[in-house]
Amino acid sequence: MTAAGTAATDTRSRLLDTALKLFSEHGVEGTSLQMIADELGVTKAAVYYHFKTKDEITEAVAAPGVQELDQIIEEARALRSRSAQIDHALSGFVELIVRQRSLLGLYNSDPCIQRIVNRAFRTPHGEDVKTRMKAVLAGENPNLADAIAVHVVFTGLAMVGGAPEYAGIDDDTLREHLLEAGRRLLGRPRRKRPDNHPPGR
């Protein structure tokens, strides 16, 4: 990649980070392209070079998380045993939640980002991401109890990960508790803890 290309990529990355910050503070509707440009210290024309509309920026902010979840599901489906599939999907989903806490907080509170993300969930695989995750965690034809448990896992863990009341919890602690909650809801066996690793540490 040329120096100009690297600079453009860096500017785009910083633009998306800035947009997420402002979206979290003011909401998507309350954030203008001019606000993003001012916060970033560039002209509005520089923002237009990368994105023509705020919807495009919002989609780009949400896209990496959705794409990564799609990849986690495909990796899980490639594993041979149901147990391995469930464990991989759950642990990957929790790891994604921990790293995307700001985006999830925005998703939980902003209808605009919900609309964009829900649209992004529709993938070329023929089924949306939520449907495919349900198939990995509960099987192709789950009973009602299992389907509800998976729905609670998918929506509940994401809501907790983005909840402001848990924003002060460190990543390791949040990861541990989300995994344990998910495993309980899915009826998975409890993980063994090392003797020097008490709960909540």
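Which backbone atom lies 3.0 Å from a polar atom of the side chain of glutamate 56? I looked it up: the backbone nitrogen of lysine 52. I count a polar contact as a pair of N or O atoms within 3.5 Å; within protein, one must be able to donate a hydrogen and the other to accept it, and residues adjacent in sequence count only if both atoms are side-chain atoms.

**Ground rules.** I am working on a predicted model, where local features need pLDDT of at least 70 and side-chain atom pairs count only at pLDDT 80 or more, while totals for chains, interfaces and linings use all residues. Residues are numbered from 1 along each chain as its sequence is written, and side-chain values use heavy atoms, with hydrogens and water left out.

**Glutamate 56.** I find this residue in helix α4 (residues 54-77); helices here are DSSP runs of H or I with at least four residues, strands are E runs of at least two, and numbering starts from the N terminus. Glutamate 56 has a relative accessible area of 33%, so I file it as partly exposed (buried is under 20%, exposed over 50%, partly exposed in between, with a 1.4 Å probe and protein chains only). I also checked isoleucine 116, which is 60 residues along the chain from glutamate 56, and got a C-alpha separation of 9.4 Å.

**Threonine 31.** This one sits in the loop between α1 (3-26) and α2 (33-40). Its relative accessibility is 1%, so threonine 31 goes down as buried. I followed its side chain to two backbone oxygens: that of leucine 22 at 3.2 Å, and that of glycine 27, 2.8 Å from a polar side-chain atom. Skipping neighbours within four places in sequence, I listed Leu22, Phe23, His26, Ile36 and Lys54 as contacts of threonine 31, contact being heavy atoms within 4.5 Å.

**α9 and α10.** The axes of α9 (residues 144-162) and α10 (residues 171-185) come within 10 Å and cross at roughly 165°. Axes are lines fitted to C-alpha atoms, for helices over the stretch in contact, with angles from 0 to 180 degrees between N-to-C directions. I therefore call the pair roughly antiparallel (over 145 degrees; under 35 is roughly parallel, 65 to 115 roughly perpendicular, the rest oblique). Among the residues that meet, I noted Val152, Val153 and Leu157 from α9, and Leu174 and Leu178 from α10.

**Whole chain.** I count ten helices and zero strands. Of the 201 residues, 41% are buried. Among contacts between residues at least 6 apart in sequence, 65% join residues at least 24 apart.
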